[in-house]
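Subject: Structure for you to look at

Hello,

Here is the structure I said I would pass on. My notes on it follow below.

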Amino acid sequence: MVLSANDKTNVKGVFGKIGGHAEEYGAETLERMFAAYPQTKTYFPHFDLAKGSAQVKGHGKKVAAALVEAANNIDDIAGALSKLSDLHAQKLRVDPVNFKLLGQCFLVVVASHNPSLLTPEVHASLDKFLCAVGTVLTAKYR
Amino acid sequence: MVHWSAEEKQLIASVWGKVNVEECGAEALARLLIVYPWTQRFFDNFGNLSSPTAIIGNPKVRAHGKKVLTSFGEAIKNLDNLKVTYSKLSELHCDKLHVDPENFRLLGDILIIVLAAHFTKDFTPASQATWQKLVGVVAHALAHKYH
C-alpha cells in the first residue's frame with residue numbers, strides 16, 4: 001500500500017490543523033482504545049488506567065509525537081520510526097492486530113473533534129497513513 | 001448470548017434515536033467504498049464509482065446505504081435475539097451475495113466514525129465502546145450462518 005501525493009498532502013493537512021492538540025488527541029485515543037477494546041489494557045499492567053490518569057496522558061503524548069513525526073517525514077516513515085520499530089520488535093512486542101484498534105480510535109478522535117476536516121478523501125488518506133505506521137512498527141517482528 | 005447492560009441499551013438508544021438513517025447509511029456506505037476501494041467488488045452494477053464525488057452522488061449507493069442501515073435498526077430492536085433475526089440475511093450474504101464477513105467489520109468501523117463526526121463530543125468513549133460492541137455483534141450475527 002503506497003501513499004499517493006494526495007494522501008501525503010491530506011495527512012499533512014490533518015496534522016497541521018490538529019496542531020497543538022495532538023497530545024490531547026493521543027491521550028483521548030488511548031482512553032477510547034482501553035474502553036472499546038479492553039484487551040489492549042493487557043499491555044499496561046503497570047499503568048493507572050483510571051480516567052484522567054497522568055500516565056495515560058503521558059503515554060498519549062508519546063504516541064501523538066510519533067504520529068506527528070511520521071507525518072512530518074511522510075516520504076520515509078520507516079526511517080523516521082526506525083528506533084520505535086526496533087523497540088516494538090525487541091521489547092514491546094505488541095500484537096500487530098492492536099495497531100488497527102489504535103488507528104480506529106485515532107480516527108474517531110479526529111472525527112469527533114473536527115467533523116468537517118475528515119472528508120471521505122481525507123479519511124481514506126489518514127486510514128492509509130495509520131496502516132503504514134502500523135506496518136512500519138511491526139516490520140521487524142520476524 | 002450477548003449480555004447488554006441497561007447503560008449499554010441506553011447508550012445505543014440515545015444515539016440511534018437521533019440518527020437520520022438515510023443520510024447516515026448513505027454516508028457510511030460511500031465511505032466504505034472510498035476508504036476501502038476493494039469493497040466496490042460487490043457493486044459492479046452500481047454504475048459510476050470512479051471517484052469519491054461519483055460515489056457520494058451515486059443514487060444506488062445512497063439507496064443501498066439506507067437499506068443497510070435500516071436493517072441495522074432491526075438489529076437494534078432485537079438485541080436479545082440477533083442470530084435468529086439475522087438468520088436469513090446471513091444465509092443470503094453467504095449463499096447469494098458471497099460477501100466476506102470481514103466487510104461487515106469494516107462497515108461497522110466506518111459507521112462509528114460517521115457517528116463520531118455527527119455527534120462530536122457527545123460520542124463519548126463509553127458510547128464508542130458500546131457501539132463497537134454492537135457493530136461487532138451485528139457482524140458476528142451476519143456471519144453466523146456462513147458455511
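Is A:Lys140 buried, partly exposed or exposed? A:Lys140 has a relative accessible area of 40%, so it counts as partly exposed (buried is under 20% relative accessible area, exposed is over 50%, partly exposed is in between, with a 1.4 Å probe and protein chains only).

Before the rest, some ground rules. This is a predicted model, in which local features need pLDDT of at least 70 and side-chain atom pairs count only at pLDDT 80 or more, while totals for chains, interfaces and linings use all residues. Residues are numbered from 1 along each chain as its sequence is written, chains are lettered from A and ligands numbered from 1 in the order in which they are written, and side-chain values use heavy atoms, with hydrogens and water left out.

Salt bridges

Over all chains the count is 13 salt bridges (a side-chain nitrogen of Lys or Arg within 4 Å of a carboxyl oxygen of Asp or Glu). Side chains of opposite charge can pair when their charged atoms come close.

A:Lys140 pairs with A:Asp86, with the closest N and O atoms 2.7 Å apart. The two sit in distant parts of the chain, 54 residues apart: A:Lys140 is in the segment after H7 of chain A, and A:Asp86 is in helix H5 (residues 82-92) of chain A. Helices here are DSSP runs (H or I, at least four residues), as strands are (E, at least two), numbered from the N terminus. A:Asp86 is partly exposed, at 26% relative accessibility.

A:Lys8 forms a salt bridge with A:Asp75, and their closest N and O atoms are 2.6 Å apart. A:Lys8 belongs to helix H1 of chain A and A:Asp75 to the loop between H3 and helix H4 (77-80) of chain A, so this pair ties together parts 67 residues apart in sequence. A:Lys8 is partly exposed, with a relative accessible area of 22%, whereas A:Asp75 is exposed at 66%.

In chain B, B:Lys77 forms a salt bridge with B:Glu74, the closest N and O atoms being 3.0 Å apart. Both are in helix H4 (residues 59-77) of chain B, three residues apart, which means they are separated by about one helical turn. An α-helix has 3.6 residues a turn, so residues three or four places apart point the same way. B:Lys77 is exposed, with a relative accessible area of 64%, and B:Glu74 is partly exposed, with 36%.

The interface

How many residues of chain A are in contact with chain B? There are 20, and they touch 21 residues of chain B (contact means heavy atoms within 4.5 Å). About 1700 Å² is buried between the two chains, and carbon and sulfur atoms give 62% of this area (the accessible area, with a 1.4 Å probe, that two parts lose on being put together, summed over both). A:Arg32, A:Pro120 and A:His123 supply 30% of the area that chain A buries against chain B, more than any other three residues.

Zero salt bridges are counted between chain A and chain B. There are nine residue pairs in polar contact across the interface, both residues at pLDDT 80 or more (a pair of N or O atoms within 3.5 Å; within protein, one must be able to donate a hydrogen and the other to accept it, and residues adjacent in sequence count only if both atoms are side-chain atoms).

On the chain A side, helix H2 (22-36), helix H6 (97-113) and helix H7 (120-138) each give two or more residues. H6(A) gives the largest share, seven residues.

In H2(A), 11 of the 15 residues are buried, so the helix is largely enclosed by the rest of the structure. Among them are A:Tyr25, A:Glu28, A:Arg32 and A:Phe34. The buried residues of H2(A) pack against helix H1 (5-18), helix H3 (54-72) and H6 of chain A, together with helix H8 (125-143) of chain B.

A:Ser112 is in helix H6 of chain A and is buried, at 5% relative accessibility. A polar atom of its side chain lies 3.1 Å from the backbone oxygen of A:Val109. Beyond its neighbours within four places in sequence, A:Ser112 is in contact with A:Glu28, A:Arg32, B:Ala116, B:Thr120 and B:Lys121.

Regards
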